[in-house]
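Me: I want to know what stands behind the words used for this structure. Please set each value against its cut-off.

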Amino acid sequence: MNLLLNPNPPLQGEISVPGDKSLSHRTVILSALAEGNSTIHGFLTGKDCLATVEAMCHLGVKIDFLDPETLLVHGVGLHGLQAPKQSIDCGNSGTSMRLLAGILAAQPFTSVLKGDDSLQQRPMERIVLPLQQMGAKIVGREVSGRIFSPLEIHGNTSLSAIDYEMPIASAQVKSCLLLAGLYAKGQTSLKEKGASRDHTERLLQSFGVALSIAQNHIILTSPTTLKAQEIYIPGDISSAAFFIAGAAMVPGSHIILRQVGVNPRRIGIISILKLMGADITIHGPRLICGEPIADIEIKGTKLRGIDVPSEMVVSAIDEFPIIFIAASCASGTTHIRGIEELRYKETDRIEVMAKGLKILGVSLEVFPDGILINGSSLNEGTVVSHGDHRVAMAFAMASLVAKGSIIIRDCDNIATSFPNFCELANQLGMSIHSIED
Ligand code: S3P
């Protein structure tokens, strides 16, 4: 699918974005491992989370969709999973692969995790090496000393707990090891380099798992059972981010986003845009199922370039494509370093974004770990998302500030995280149409 975006007036209106992707993956996995039935409200029916649902079904878990966003998961207990009859396809979803690997490493059967071309090029040694230290038997595809999927996981029911200082700030690695830790003998002790999203920790506690958390040090004591839950998932701040930035950077815009997750470890986008001068107000913050949620109001203004503080990087890790767009139309220069992890996402997001921005006439300089963007005006043009959902949606928002129409190629994967993105964007006043090649 390609998208054609015509210039449009400022954004106006009120919407709710779909459920949080990270929470959707985690709630379905933990509900499957719990004793009894769990209901999940606000589940994201994007392709990535559906890959996790399908994986759990292949592992013998019964999951009913009560409506498109409500799941009833019939938990099988920690030791109730069954050997899959076929390899498990994680599609484009790194979260599915890395989290599932943690569980499968501890099962009394063999399984294979595979993914699409993009996922098969993403690094897996970050989970395979620590899992192997716990006693897991995992065979990946080794290329030049690195490990990629498919991963053949020969489950080992006597994993040992790990005491591990994680070399990168990654919630996927942390969650993988916490899930493996549910089955390990002894206490799992993890130290994080940066404060990555803590949804797994919050959920594990609500499912009844004993965790001790002091700053960036987590200790998990393996439980005997998980307790089934009724869960409400908030809107995904990473999806909301496109509209937050889109409205913030266009004077005259005024929008409200209802019931968005505002976990402190996810709101880097708000902190960074505020430093750029954005007018963003958080209304009525409250806790639902252990996660903070709020309504977010944004009024448009002219943004200014900044040096993005390195301590804000981890909490905005998925938002840099749209931050690059905001920087491109801001006055002055924006300098972002310490974002080398962007090179290992669904695409190398530094390169793919830089390529598209240059096509739109933006002057920039790329570094191994970052980018410098000189704010200016954006031209019309045709850019390619390379199948990366967040790149596609970021360039869609560029149409708000471009001098003419923008065409974005290869946009099917928007459905991995935000299936109704175009519909909601048009509701706020944008002009997005899908077009043939
Ligand atoms: C995620 C963690 C982040 C993020 C990804 C979702 C998660 O990845 O980029 O979109 O749900 O744990 P890393 O752990 O690789 O930083």
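Reply: Angles under 35 degrees count as roughly parallel, over 145 as roughly antiparallel, 65 to 115 as roughly perpendicular and the rest as oblique. The angles run from 0 to 180 degrees between N-to-C directions, and the axes are lines fitted to C-alpha atoms, for helices over the stretch in contact. This is a predicted model, in which local features need pLDDT of at least 70 and side-chain atom pairs count only at pLDDT 80 or more, while totals for chains, interfaces and linings use all residues. Residues are numbered from 1 along each chain as its sequence is written, and side-chain values use heavy atoms, with hydrogens and water left out.

Me: Why are helix 3 and helix 4 called roughly parallel to each other?

Reply: Helix 3 (residues 94–104) and helix 4 (residues 125–133) pack at an angle of about 10°, with their axes 10 Å apart. That angle falls under 35 degrees, so the two helices are roughly parallel to each other. Helices here are DSSP runs of H or I with at least four residues, strands are runs of E with at least two, and both are numbered from the N terminus.

Me: Which residues of helix 3 and helix 4 meet?

Reply: R98, A101 and G102 in helix 3 meet R126, I127 and L131 in helix 4. Contact means heavy atoms within 4.5 Å. The residues of this contact divide into three nonpolar, one polar and two charged. In that count, Ala, Val, Leu, Ile, Met, Phe, Trp, Tyr, Cys and Pro are nonpolar, Asp, Glu, Lys and Arg are charged, and the others, Gly among them, are polar.

Me: What makes helix 8 roughly parallel to helix 9?

Reply: The axes of helix 8 (residues 268–275) and helix 9 (residues 320–328) cross at roughly 10° and come within 11 Å. The crossing angle therefore makes helix 8 roughly parallel to helix 9. I269, I272 and L273 in helix 8 meet F320, I322, I323 and A326 in helix 9. The residues of this contact divide into seven nonpolar, no polar and no charged.

Me: How do you know whether C411 is buried or exposed?

Reply: Buried means under 20% relative accessible area, exposed over 50%, and partly exposed in between (1.4 Å probe, protein chains only). C411 has 1% relative accessibility, so C411 counts as buried. C57, with a relative accessible area of 37%, is partly exposed.

Me: Why is S144 called exposed?

Reply: S144 has a relative accessible area of 72%, so S144 is exposed. S144 is found in the loop between strand 8 (137–143) and strand 9. Its phi is near 45°, a positive value in a residue other than glycine.

Me: Why is Q259 called partly exposed?

Reply: Q259 has a relative accessible area of 43%, which means that Q259 is partly exposed. Q259 is found in strand 15 (residues 254–261). Q259 also has a positive phi, about 50°, although it is not a glycine.

Me: What makes Q133 exposed?

Reply: Q133 has a relative accessible area of 53%, so Q133 is exposed. Q133 lies in helix 4. Leaving aside neighbours within four places in sequence, Q133 is in contact with I162 and Y164.
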